[in-house]
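Hi,

Here is the structure I said I'd pass on.

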Amino acid sequence: MSSARNKANSRIASLRSMLCVGLDSDLSKMPAIFRSMERPVLEFNRAVIRATAAHAAAYKVNTAFYESRGLSGMRDLDDTLQALPPECLSIADAKRADIGNTSRQYAKAFFEAWPFDAITVAPYMGFDSLEPFFEYDDKLVFVLCLTSNSGSADFEERILDDGRPLYRAVLDRVRSWQRNGNAGIVVGATKAGLLQELRQEAPELFFLIPGVGAQGGSMQEAVNQGADPDRGGAVVNVSRALIFPPGDFRSIEEFEDAVRHEAAKLHNDIKAIL
């Protein structure tokens with residue numbers, strides 16, 4: 001079994017938490033106390049990590065918020081990865097995929113240069129575009145399947161000639177592509193009934209479930225419907241609703257207390273369900 005998957009399930013079991021902290025670290029939304037710092041994004045991330053480390057099973061770093069700032073953003077990405085607790089699953093939310101030789105470089109970037117445990121990828125170009133990621137059989141590869149945004153209806157939910165929605169065709173292919181249990185899918189928490197359907201169809205896959213919080217998904221439904229038969233096999237991502245608590249913070253300690261309070265609440269909600 002994939003070592004990344006084993007690490008995630010071990011953390012879920014020991015902590016009784018499926019909480020994934022999304023580091024969508026938007027400088028414009030950060031408290032003012034960070035903006036005067038030399039490296040505000042990195043210090044913000046470190047504060048969020050300190051406040052959530054006791055409650056998180058995973059961290060998801062949305063690479064767009066780092067790539068958009070060029071070299072300084074890449075340095076923050078690198079140092080943020082180093083700051084993550086080693087017992088937690090680290091996910092590069094990069095949504096990569098291209099022709100094989102290009103994907104091989106993407107896989108090398110996010111599994112070697114930046115040694116993330118997992119990555120998100122897009123299935124549109126087919127297996128040869130994803131095979132380089134699946135070749136890392138100690139990692140986890142999360143394939144976009146049924147996402148939480150309204151535009152998922154444009155393609156993901158379209159009905160194919162054989163009567164299946166496209167997301168079911170993606171699910172079937174991912175099940176055949178996995179190696180050493182290293183496959184997963186991304187399923188939005190806003191798709192609650194369909195989340196249950198996909199879990200029943202694929203109990204062996206690992207699920208990454210975004211959409212709780214700002215996008216309106218239910219934590220209870222995400223955990224109940226997304227967990228595998230062993231009450232593991234999934235992490236539920238919360239980003240904006242967790243890392244940007246309301247309020248004017250006079251110190252980093254005040255900010256961390258607010259984030260810690262919300263993380264503990266989410267953790268307690270998950271424990272009550274598991």
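**The barrel**

Eight strands close into a barrel here, in the order β1-β2-β3-β4-β5-β6-β7-β8, and the pairing is parallel. On average, neighbouring strands of this sheet are turned by 30° against each other, ignoring direction. Before you go further: this is a predicted model, so please read everything below as computed from it.

**Where the barrel closes**

If you want a pair to click on, Leu 208 stands opposite Val 235 in β8. β8 also pairs with β1, again in the parallel sense and over 3 bridges. There, the bridge partner of Leu 19 is Val 236 in β8.

How much of β8 is covered? Of its 5 residues, 5 are buried. That goes for both faces of the strand: Ala 234, Val 236 and Val 238 are buried on one side, and Val 235 and Asn 237 are buried on the other.

**Helices on the sheet**

Helix α3 (residues 40-52) lies across β1 (19-23) and β2 (58-62), and runs at about 170° to β1. Helix α10 (residues 192-201) packs on the sheet too, touching β5 (140-146), β6 (183-187), β7 and β8. The direction of α10 makes about 165° with that of β7.

**A helix pair**

The last item is a helix-helix contact. Helix α11 (residues 219-226) packs with helix α13 (residues 252-273) at an angle of about 40°, and their axes are 10 Å apart. Roughly parallel would need an angle under 35 degrees, so α11 and α13 count as oblique to each other. The crossing of α11 past α13 is right-handed.

Which residues make the contact? From α11 come Met 219, Gln 220, Val 223 and Asn 224, and they meet Leu 266, Ile 270 and Ile 273 in α13. By class, this contact of α11 with α13 has 5 nonpolar and 2 polar residues, with no charged ones.

That's what I have for now.

Cheers

How values were computed
Residues numbered from 1 in each chain as written. Predicted model: local features only at pLDDT ≥ 70, side-chain atom pairs only at ≥ 80, totals over all residues. Heavy atoms only, no water. Pairing = 2+ DSSP bridges. Helix = DSSP H or I, 4+ residues; strand = E, 2+ residues; numbered from the N terminus. Axes fitted to C-alpha atoms, helices over the stretch in contact; angles between N-to-C directions. Contact = heavy atoms within 4.5 Å. Buried < 20%, exposed > 50% of the residue type's maximum accessible area, 1.4 Å probe, protein only. Parallel < 35°, antiparallel > 145°, perpendicular 65-115°, else oblique. Left-handed = near helix turned anticlockwise from the far one by under 90°. Nonpolar A, V, L, I, M, F, W, Y, C, P; charged D, E, K, R; others polar.
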